[in-house]
Amino acid sequence: MMKKIPPPRKGLPGGQYKPLTTVQIEQIHQASLEILQRTGVQVEEPQALALFKEHGADIDGNRVRIPEQLINQALESSLKKVVLAGRDPKQDLLLEGQRVHIGTGGAALQVLDLDSDTIRPANLQDAADMALLVDALPNIHFYLLPIYPTDIPEESVEISKYYAALKNTGKHVQAGVYTKQGLGDVVAMAERIMGGAKELRKRPVVSFITSWMVSPLLFATEVTTLLIEVCRLGMPVVLSSAPMAGSTSPITLAGTLAQLNAEQLSGLTLTQLVNPGTPVLIGPIPATADMRTGSYLGGSIELGMANAAITQMAHYYQLPIYNSAGMTESKLPDIQAGIEKTQSVIQVALAGSNFIHHAAGMLEDMSTIAYEQFVIDNEILGMAMRAVRGIEINSDTLALDAIDRVGPGSHFLSDQHTFRYLRSEHYFPSSVLNRKGREEWESEGKKDARQEAIRIARDLLSSHQPLPINPEVCSWIESEFAETLILTK
C-alpha cells in the first residue's frame, strides 16, 4: 500500500547543526552579563528608565547597568512557549524548543513587478496580493508583511496593511507598528475577528515587531514606548535588534554575538518589568557589514553561521527566537540569489530556530520583493524542512526484508517497500525545479526556474481562494475604521 503524501511539515525539531560548543555558549552568556553590568545600555524613554530604577538597576544619567539578578528574574518569568495563531487553526505555530517555522519578512519599499519586470514602489495592493500568494504556498509558514505601502497616508498604513493581510491569508500575520493609535486599532480589529479580547490573547492571529534597539546598546525612545504598550496589551512582541559586524558591533562574530545577546537580555528584562509573562520572541539578527562600503550584507556565509549560533543562545535560555535567513544581495531571482539564500536557510533551520523570517521573496538586502521569488523560495524552504526532518531509522525503513526479497543484481522499482514510501520519503518539488530530460525540456520551451515561477505566481494570484472572514465582521471593521482604513480590491 502506497503511503499518502504527507502534509506540509512545520514545527519539526531542528538542532542538528551546532556551531557553538557548550563551553562557548557559556562564554557568550558570561560576556553578555559583563557588558550589561560594566558598559550598560543607554535608555532615554522615561517609563523604561523609571522601571529599571525601581527594580534595582544602577542608573547613571541615562546609562542603565543591569545586575545579573534582574536578568535572571526576567528569564524566570518569560514564557518558554508562544503560540502564534492563524485564522485557520491548521496554520497555528507553536514556538518552543527547537521547533522550526520559516516565512516572509521585511518592510521593502520597492517591488520587482511581475508583469513589467521593472522596479516600482510598493503599494497596499502588494500587501494583499503577497498575502494571497503566501497563503497558497505550503512551505511558507507565516506572513510577516514584506513591504511598506508607499501609496497611502502614514496614518492609514497600520490598519490598512494588517486588514489587507488578514483578508487574504489564514496564516499568522506579523508586522511592525509605528504609532500607539495604529497598534490599538489593529488589536481592536483582531479582537473582533477572533470573537473577543480573551479569544485573541488565547490565539493571537497578529503579533508585532519592535525594533527598539539601535545597536550598539541604545534604546530607541519612540519604539521603546510602543514596546511597553504592546506588553501592557498582552500581545506577542518581537525584540528585534540587528547589529552589523564591523559597523554597529565588533567585527568578530564572537564579539557581535556577545553584544547582541546583551541587547536581547536588556530588552527581555524590560518586557518582564512591564508585564511578567508577556509573550516575547527574542529577535537577535546578527549580520555583517561590507568592509568596502559599510553597507549591510544579507547573503554572507557569516550571517547564516551567526544566526545559527544565536539560536543556540535562545535554546540555552529556553526562549522562543525570531531571526533571519534567506537574504541575498542579488537584484534578480538568479543563481546568486539561490546560492546565498540556500546556505543561510539550511544553517538556521538545522540549528532549530523557531521563527525564521526574511526567508521568502526577498532580494537586494531587504529593499526589494519579487513575486516569483516567493515561489522559488517555497522550494528552498521545502527542501530545508526535509533536511530538518532528518532520516528515520526503524526496522521498516532499514528495509532488510525488501533487500532480501529483491536480492543481488535486481532492482527496487516495483517492490512493495518502494511503493509504501514513494511519496513520503523524498521531497517532491513543483515544476519550478525542472527534473525532466533535455529533449522534453526543450520541447516545452526551454523555460528556466524563474520563468516557471512567474507562471505559477500568476496562476495562484488569479485562482487561489483564501479562508474568508465573516462578512459581518468585515462590515464592522470597514465602518469602525472608515476614517483611516483603505481597502484593496
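Select Ala108 first. In this predicted model, Ala108 sits in the loop between strand S7 (99-100) and strand S8 (110-112). Ala108 has a relative accessible area of 1%, and is therefore buried. To see what covers it, show the residues that Ala108 touches, leaving out those up to four places away in sequence: Ala122, Pro146, Ile147, Tyr148, Met366, Ser367, Thr368 and Ile369. One of these, Ala122, is 14 residues from Ala108 along the chain, and their C-alpha atoms are separated by 7.3 Å.

Next, select Phe374. Phe374 belongs to helix H12. Is Phe374 buried or exposed? Its relative accessibility is 0%, so Phe374 counts as buried. Apart from neighbours within four places in sequence, its contacts are Thr104, Met130, Leu133, Val134, Leu137, Ile140, Pro146, Ala360, Gly361 and Ile369. Pro146 and Ile369 are in contact with Phe374, and Ala108 touches them too. For a distance to check in the viewer, take Phe374 and Phe355: they are 19 residues apart along the chain, with 17 Å between their C-alpha atoms.

Now follow the chain past H12. The loop between helix H12 (371-389) and helix H13 (400-406) holds Ile393. Ile393 has 59% relative accessibility, so it counts as exposed.

Then go to helix H1, residues 22-38.

Colour the buried residues of H1: Ile25, Ile28, His29, Ser32, Leu33, Ile35 and Leu36. They cover an arc of only 160° around the axis, so they lie on the same side of H1. An α-helix has 3.6 residues a turn, so residues three or four places apart point the same way. Turn to the other side of H1, where Val23, Gln27 and Arg38 are exposed.

What do the buried residues of H1 pack against? Show these elements in turn:

- strand S2 (41-42) and strand S4 (63-65)
- helix H3 (68-77)
- helix H9 (253-274) and helix H10 (301-317)

The last stop is Gly40, which follows H1 and has a positive phi, near 75°.

Technical notes. Residues are numbered from 1 along each chain as its sequence is written. This is a predicted model: local features need pLDDT of at least 70, side-chain atom pairs count only at pLDDT 80 or more; totals for chains, interfaces and linings use all residues. Side-chain values use heavy atoms; hydrogens and water are left out. Helices (H or I, at least four residues) and strands (E, at least two) are DSSP runs, numbered from the N terminus. The expected span of a helix is 1.5 Å times one less than its number of residues. Buried means under 20% relative accessible area, exposed over 50%, partly exposed in between (1.4 Å probe, protein chains only). The arc is that of the directions from the helix axis to the C-beta atoms. Contact means heavy atoms within 4.5 Å.
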